[in-house]
Amino acid sequence: MFMQASYSLALREVTRFLRQKNRVIGAMATPVLFWFLLGSGVGRSLVAPGFRERTDYLTYFFPGIVLLIILFTAIFSTVSVIEDRREGFLQGVLVAPDGRSAILFGKLMGGTMLAVFQAIVVVLLAPYSDYHPDARVLFNLFAMIAVLAVGLTALGFLIAWPMDSTQGFHALINLFFVPLWFLSGALFPPSGAAGWIRALMHFNPLSYGHDALAGLLATRPGMPLPVDLSHDFSIVCVTTLLLVMACTVQVSRRS
Amino acid sequence: MADNLYAVKVTGVGYSYGKKRVLDNIDLKLEEGGMFCVLGPNGSGKTTLFKIISTIFALQDGEISVGGRSLRRFPTPVRKKLGVLFQNPAVDMKLTVRENLRHHGNLYGIDPHDLETRINKNLEALGVENRGGEMVESLSGGLRRRVEIAKVLLTRPSILLMDEPTTGLDPAIRSELWSIISGIRNTRKLSVLFTTHLLEEAEPADEILLLDQGHSVASGRVAELRSSLGKEYVRLGTYSPKKLAGKIRKEGEIEVTIEPASVKVVPSRGLAAPLAIRLWREYSHEVTSVTLCRPTLEDLFLQKTGRLWSSTPGEI
């Protein structure tokens, strides 16, 4: 019953997403446009220590844009928790036999499916950034993207669950999530940053997600996978697990 | 009577939001197949009680059993017995009618083949079989309510819980909704527990619980509660209630109460009808209307709380 309920809730998320054409276009086009304009605009004008061999910003910025798509899709999918509560749909789920756990895992599955799908579509643009992932790299990218998506959806859920205002949620995103992404290495490498910024980046779990994505994308066919991949993967997995556990505790509490 | 003979039994239930006590020591018993109304003005705590029984809120004080099973100890089996209809329809506006029902069936783990059969039957029973492919957002308020009922009944609950089910509906749709609920109750042998702030909606219930500011002020069968209030009385409409009341009081052996724009006259002996005719004849130049009244639930509320129904505070 639990899986049937969770799957149904996840399917609902996807159906609702696909029925809102503006949301589909916005979710896909905004980051890609952002990447293209900023990447092309900065071009080769920034050569900072720590940049990879190719310092074309369009190339450097690409893993960051994949991360941004995962972050925004996963987080925004959880806004529906607040909308569902306001519109009354959520209470119908909460009175179902496994409603509380089903709503959590349904939202996690739904958010993850949407984020993974969109991130993979963007990864297909990788050759335009001079990245040429082979099947082995794509598989690892898929796994990394999926874990990041679960973790970020859980983070969004954790914040959205007690809230009753979507405006408040958006304000928190701007205050919390955008800096989280800035400090992941998506926009600039840690090596050239101020000491305190480097420290923040070191403790930001998203930095390890970005590092894994960047390392994997840079892996040429036939080359070994990045040495720090398992380290990055472990940190992202543990963080995701902790976030899902926190969500489970939160959702099981009744007023 | 043993607990398992009651569809719902609430004993000593209390609830606080932080330090604010909003429900205190509430008891009610819904018999199998019965219809029970929790009646109260806005702010009386009925929605809080509804949320506790429907398992949305945790049970803080007291005990609740549903079909003989403790809600505190066995919330999951209890939820399977309940069909819950909220004040605002718990349907997804961006899904079609059929998708909403399918989703609800999945939440309750109904076998997919069986689910499609149940969906068809319920849509037909509620007269919305031709609306299955339409988005819920395109339906009127009345049709949404029908969809909601079709959805709730998919799981074949034995108890139907409804929180102010006619909120936001016009009088014609309200009446239609109540006749649908009455039909369902008879055909499916449902026990029904509902909340309302509309006095007329409480009348058809077998029993009522009258709430005020989180406290039970009266409970029992509607007819018995009414008869406990006493006899029929006469209400005289007038532009000068004080003056008219003064004159009538002089007659003695009549209980006179001044109301806004009217005077209530209760005969101390005899029937109210002859008194109404006499008063109309004697004071025709001062009286704008004469109404022969039976004690109402509004009178009950006035008697128990000392306040008029319409002067109550906002919803909790």
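Visitor: Which domains does the assignment give for chain B?

Guide: Domain bounds come from an automatic or database domain assignment. For chain B, domain 1 is 3-226 and domain 2 is 231-294. Their centres, taken over C-alpha atoms, are separated by 42 Å. This is a predicted model, where local features need pLDDT of at least 70, side-chain atom pairs count only at pLDDT 80 or more, and totals for chains, interfaces and linings use all residues. Residues are numbered from 1 along each chain as its sequence is written, with chains lettered from A and ligands numbered from 1 in the order in which they are written.

Visitor: Which residues of chain B does the UniProt domain annotation cover?

Guide: UniProt positions are in the numbering used here, feature names are shortened, and annotations may be inferred rather than shown by experiment. The unreviewed entry gives "domain: ABC transporter" at residues 8-238 of chain B. That span is 35% helix and 30% strand. Its end C-alpha atoms lie 47 Å apart.

Visitor: Where does UniProt place the "transmembrane region" feature in chain A?

Guide: The unreviewed entry lists several spans, including 21-38 and 138-160 of chain A. Residues 21-38 of chain A are 100% helix and 0% strand, with end C-alpha atoms 25 Å apart. Residues 138-160 of chain A are also 100% helix and 0% strand. There the end C-alpha atoms are 32 Å apart.

Visitor: What is the average pLDDT of chain A?

Guide: pLDDT is the predictor's confidence in each residue, from 0 to 100. Chain A averages 88, and 96% of the residues score at least 70. Helices here are DSSP runs (H or I, at least four residues; strands are E, at least two), numbered from the N terminus.

Visitor: Which residues have the most contacts inside the largest nonpolar core?

Guide: A nonpolar core is a set of buried Ala, Val, Leu, Ile, Met, Phe, Trp, Tyr and Cys residues joined through C-beta atoms within 7 Å. Buried means 20 or more other C-beta atoms within 10 Å of a residue's own; exposed means 12 or fewer, and partly exposed is in between, with C-beta atoms placed from the backbone. The largest core has 135 residues, and A:I70 and B:L161 have the most contacts inside it. Helix α3 (residues 57-77) of chain A gives the largest share, 16 residues.
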